[in-house]
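Take a look at the sequence and the 3D view below. Keep both open as you read.

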Amino acid sequence: MPPWLAEMLLSLVAGYAWAGLAVGCAFLLFGLDRVDPLARGAYAFRPLLLPGLALLWPLVLWRWAGLRRPAPPRGPARAAQRRRHLLAWGTLAVVLPAIGIAAAALRAGRPDAPPERLGPAPR
Amino acid sequence: MSHRHLPVGWTAAKRAYDLVLLAGVVGYILAFLHLGPLLQDPGRALDGQSLAIKAYGSCAFLLLTAALAIGPLARLDRRFLPLLYNRRHLGVVTFLVALSHAAEVLGWHFAFSPTPPLVAMLSSEPPPGAAPGLPFVPLGVAALLILFALAATSHDFWLAFLTPPTWKALHMAVYPAYALVVAHVALGALQAATTPVLALMLLGSAGSLLALHIAAALHDRHAVPAVERGWIAVGRADAVPEGRALVVHPPEGDPVAVFRHEGRLSAVSHLCAHQNGPLGEGRIVDGCITCPWHGYQYRPEDGCSPPPFTERVATYNLRLDGPMLLLDPRPNPLGTRVEPLAVPA
């Protein structure tokens, strides 16, 4: 991509990250206890959450504002999980060899010019 | 289980796991950096920073492969289960090593110019077709971002905050991350490799993972228990050992663990509410079913964790037909108490 587009993209990412840090810090100080009872009185683990809070800060704000409640607990859907894993590995079983074939084809199509020696061979 | 969140729930096993992991990573990187120059063709010697790039990159790839191999290995052989319990530590270390690789790349291939390194990285790839090969740096960047998202949400807080189904769906992104890493290496470093070592490592790792998952899928196929008028024949009631469980796999739905406690039988979901650990492989401790993975506990009669904890698993109904134990495979609503079935030992 052209450099100006790269700069704009990076500025957007930096803006998102700074907003995330600000929301994350505020959440850790004022919102975490309200959202998660297990966090009350626990402080040592809070810095570990900052990267995730900065990444997911829109969702964090949404939950903090009480606009979305977590879904009620339900039994784990083991069969659905197994199907997802089967789909993932079935896809990889096709994609990974395809990547290998593409790489081999690219490599075979590259002219192998021998390196030109500019001086005497090292001992 | 804990009353409150902790940074890490340290145990002796976790400390040992992390020590071995860190020693392995440091040992691999030091060996690569010191032995690499000795094994290279003197005519094609790499500088120190290029060696560091390859050391961190190959280490991160091998760690990611190991993280993905642990699941099927644990299903094939229970002795690998301890590796599964602390896999999140392996995941976080994998991300940190991959980040080190990225930092070395930025500091070498995209430095020494007025253009900021990140701008240079994003704007340096030629359009497809304009130069030999395909863009491979964006593939690595995408994989790193996924690994960051997984590492950043690995704490138990996120499991509760996102809810387990959403958290698990997010962490399924490790599979496209693996494909992106393979493509990054295959379309990048492999194109200029002068020995077959890298190709063998790539082929061996990916091939081993696929083979392990196929083997685990075949291993997990279970005999379908007989069903009569909706009830499933579990087996002889006296076959359930005291303090342990028999696991039943109904034709549809989740597996069920039938525990015996003080001579009475109770049936609960085989899957722990925490991270779907195998409850049926646990034991009864202090009157509670205890998950072998992280120690989460549930009362056998109602599937509820003892106060102040709030986790719950489904209970199931049992009945006797002579000496045979029958199970109703339809789970009760969470928190439903089912009177334990008294049977002779």
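The paragraphs below go from whole chains to single residues.

This is a predicted model, in which local features need pLDDT of at least 70, side-chain atom pairs count only at pLDDT 80 or more, and totals for chains, interfaces and linings use all residues. Residues are numbered from 1 along each chain as its sequence is written, chains are lettered from A and ligands numbered from 1 in the order in which they are written, and side-chain values use heavy atoms, with hydrogens and water left out.

Start with chain A. It has four helices and zero strands. Its pattern along the sequence reads α-α-α-α. Helices (H or I, at least four residues) and strands (E, at least two) are DSSP runs, numbered from the N terminus. Chain A has 123 residues, and 24% of them count as buried. Buried means under 20% relative accessible area, exposed means over 50%, and partly exposed lies in between, with a 1.4 Å probe and protein chains only.

Now chain B. Its secondary structure comes to 10 helices and 11 strands. Its C-alpha atoms fill a box of roughly 80 × 40 × 35 Å, taken along the principal axes. Of its 345 residues, 46% count as buried.

Take the contacts in chain B with a separation of 6 or more: residues 24 or more positions apart account for 55% of them. In chain A, among contacts between residues at least 6 apart, 61% join residues at least 24 apart.

Next, look at how two helices pack. Two packed helices are described by the angle between their axes and the distance between the axes. In chain B, the axes of helix α4 (residues 87-108) and helix α6 (residues 137-152) come within 9 Å and cross at roughly 145°. Here axes are lines fitted to C-alpha atoms, for helices over the stretch in contact, and angles run from 0 to 180 degrees between N-to-C directions. The crossing of α4(B) and α6(B) is left-handed; that is, the near helix is turned anticlockwise from the far one by less than a right angle, while clockwise would be right-handed.

Which residues of α4(B) and α6(B) make the contact? From α4(B) come B:V92, B:T94, B:F95, B:A98, B:L99 and B:A102, and from α6(B) come B:L144, B:L147, B:F148 and B:A151. They divide into nine nonpolar, one polar and no charged. Ala, Val, Leu, Ile, Met, Phe, Trp, Tyr, Cys and Pro count as nonpolar, Asp, Glu, Lys and Arg as charged, and the others, Gly among them, as polar.

Stay with α6(B). Its buried residues include B:L144, B:L147 and B:A151. The expected span is 1.5 Å times one less than the number of residues. Helix α10 (residues 197-219) of chain B has 23 residues, which should span 33 Å; its end C-alpha atoms are 32 Å apart, which agrees. Among the buried residues of α10(B) are B:L202, B:L209 and B:H213.

Where do buried nonpolar residues gather? In soluble globular proteins, nonpolar side chains tend to be buried together. A nonpolar core is a set of buried Ala, Val, Leu, Ile, Met, Phe, Trp, Tyr and Cys residues joined through side-chain atoms within 4.5 Å. The largest nonpolar core has 67 residues, of which A:L96, B:V25, B:L63, B:Y175 and B:Y178 touch the most other members. Its largest share, 12 residues, comes from helix α9 (residues 174-187) of chain B. Leaving out residues up to four places away in sequence, B:Y175 touches A:H85, A:A88, A:W89, A:L92 and B:L68. A second, separate core of 17 residues includes A:L32, A:F45, A:W64 and B:W158.

Finish with single residues. B:V258 is found in strand β4 (residues 256-261) of chain B. B:V258 is buried, with a relative accessible area of 0%. B:S266 is found in strand β5 (residues 264-269) of chain B. B:S266 is also buried, at 8%. Beyond four places in sequence, B:S266 touches residues including B:V258 and B:P340.

How values were computed
Contact means heavy atoms within 4.5 Å.
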